[in-house]
2 protein chains.
Amino acid sequence: MARTVLDRSDAVRALAGVFRRRGFESGSLSVIQQETGIGRGSLYHFFPAGKTDMARAVLDEVRRWFDENVFEPLRTTEDPAEAVTAMARVVDEYFTSRNRVCLFAAMTLGDEQDAFAEDVRRYFADWIDALAATLRRGGVTEPAAADLALDAVATIQGALILARALDDDAVCHGVAQRTNARLRSALTGH
Amino acid sequence: MARTVLDRSDAVRALAGVFRRRGFESGSLSVIQQETGIGRGSLYHFFPAGKTDMARAVLDEVRRWFDENVFEPLRTTEDPAEAVTAMARVVDEYFTSRNRVCLFAAMTLGDEQDAFAEDVRRYFADWIDALAATLRRGGVTEPAAADLALDAVATIQGALILARALDDDAVCHGVAQRTNARLRSALTGH
DNA sequence: GTCTATAGATCGATAGAC
DNA sequence: GTCTATCGATCTATAGAC
């Protein structure tokens, strides 16, 4: 029997898949073991504190991905309209290629809710703030920018629920497109 | 010790509370027993198939509530603008008074997902369809009405996630208000 | 119709060989 | 670093007294 040696980031990737498919609580160590092919010993080698460590590692990776591919581009892309459109496209691709599940949103329900409440809060607050700042750079005045950004993030998150409920990726694509259009039409010069 | 005799609807109400607070999977029979004060024997008397029966009973009650207080009013209220505004108000009140949790949305994640997939699909499809029909009665043309309705339901559902994440009911109130305004401004004569 | 006691399965986590 | 074996706790569900 082959003994596969893997590093922590392989394990985190595999865990993220299981958690997206089964949820945090349903994904028991037995199914994690089966679906990832990683033995119990290895899991506890990489994540000594067990399931909580695994959840934290997965959320940290998601957070890093959004920092790099969503939040930072929103802040640094010169043209606000371009920044908004890129966000819509990137986020749509991300979620449709990952079972239409946002693991931070999943963390707002269930047992471990409290343990990660601050991380969840910061993830959504940072997303909304980065988008609102982009809108302000594009000429949208303060209270409107904050509302528009919050509504946009809410609509995207709700689209994930509907896409799962209706089993239809087109829901995500349509919402991404219309959210993009709505945000761009709020920018000056449109 | 008092022996309280209760009927099934009392049990369903108590169960809904537990599921909203703890989620479907986290709410084990032990915590259900503790938090509802209903003994194990009684629970299996009312719900012979166990937890799945409990989940179905709770979802059925939620479904009935929405049929009566949301879907039917959308279809029968004469003035479309009035119907839309009533929906926004009623839904906002419902969710903010129930831990900001939509149990049908919660069912799109986790273990029992498959068992209730059809009920979940129908709940959201009926909501979107009823709202789209109201918009059409108000003069909105077909493709736009469907998109507007879907986006509205998505935004409301996403607002629940953000309200939990940011621990702030104002998110729900703000989204309800702006969704109402956006829908009304799409109706003819605005 | 409600209770307690408990069966049987599965859980998360640990130990120790290799 | 990975494995298997296994612990104690907890889970859902059942049985039987009242």
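Some conventions come before the content. Residues are numbered from 1 along each chain as its sequence is written, and chains are lettered from A and ligands numbered from 1 in the order in which they are written. Because the model is predicted, local features need pLDDT of at least 70 and side-chain atom pairs count only at pLDDT 80 or more, while totals for chains, interfaces and linings use all residues; side-chain values use heavy atoms, with hydrogens and water left out.

Let us begin with chain A. Chain A contains nine helices and zero strands, where helices (H or I, at least four residues) and strands (E, at least two) are DSSP runs numbered from the N terminus. Its pattern along the sequence is therefore written α-α-α-α-α-α-α-α-α. The C-alpha trace of chain A spans about 65 × 30 × 30 Å along its principal axes. Of the 190 residues in chain A, 52% are buried; buried means under 20% relative accessible area, exposed over 50%, and partly exposed in between, with a 1.4 Å probe and protein chains only. As for contacts, meaning heavy atoms within 4.5 Å, 67% of those in chain A between residues at least 6 apart in sequence join residues at least 24 apart.

Helix α5, residues 80-96, has 17 residues. Its expected span, 1.5 Å times one less than its number of residues, is 24 Å, and its end C-alpha atoms are 24 Å apart, which agrees. Among the buried residues of α5(A) are P80(A), A83(A), V84(A), M87(A), D92(A) and F95(A). Which elements cover them? The cover includes α1, α4 (51-76), α7, α8 and α9 (169-186) of chain A.

Just after α7(A), G139(A) takes a positive phi of about 100 degrees. Within α7 of chain A we find T134(A). Is T134(A) buried or exposed? T134(A) counts as buried, because its relative accessibility is 1%. Leaving out residues up to four places away in sequence, T134(A) touches L74(A), P80(A), A83(A) and V84(A). Of these, P80(A), A83(A) and V84(A) are among the buried residues of α5(A).

In chain B, V18(B) belongs to helix α1, residues 8-22. V18(B) is also buried, since its relative accessible area is 1%. Residues up to four places away aside, V18(B) touches G23(B), V31(B), I32(B), E35(B) and T36(B). The C-alpha atoms of V18(B) and F71(B), 53 residues apart along the chain, are separated by 26 Å.

We turn to the core. In soluble globular proteins, nonpolar side chains tend to be buried together. A nonpolar core is a set of buried Ala, Val, Leu, Ile, Met, Phe, Trp, Tyr and Cys residues joined through side-chain atoms within 4.5 Å. The largest one here has 136 residues, and F66, F124 and W127 of chain A and of chain B touch the most other members. Neighbours within four places in sequence aside, F124(B) contacts residues of chain A, including I161(A) and L166(A), and residues of chain B, including C102(B) and V153(B).

On a 1 Å grid over the protein atoms alone, a cavity is a set of points where a 1.4 Å probe fits but cannot get out; a pocket is an open set with protein on both sides within 12 Å along at least five of seven lines; and lining residues have an atom within 4 Å of a point. Grid points are joined across faces, edges and corners, and a volume is the space filled by probe spheres set on the points.

There are six cavities of 30 Å³ or more.

The largest pocket holds about 400 Å³ of space. Of its 19 lining residues, R100(A), R164(A), T108(B), Q113(B) and D114(B) are the closest to its centre. α7(B) gives the most to this lining, with three residues.
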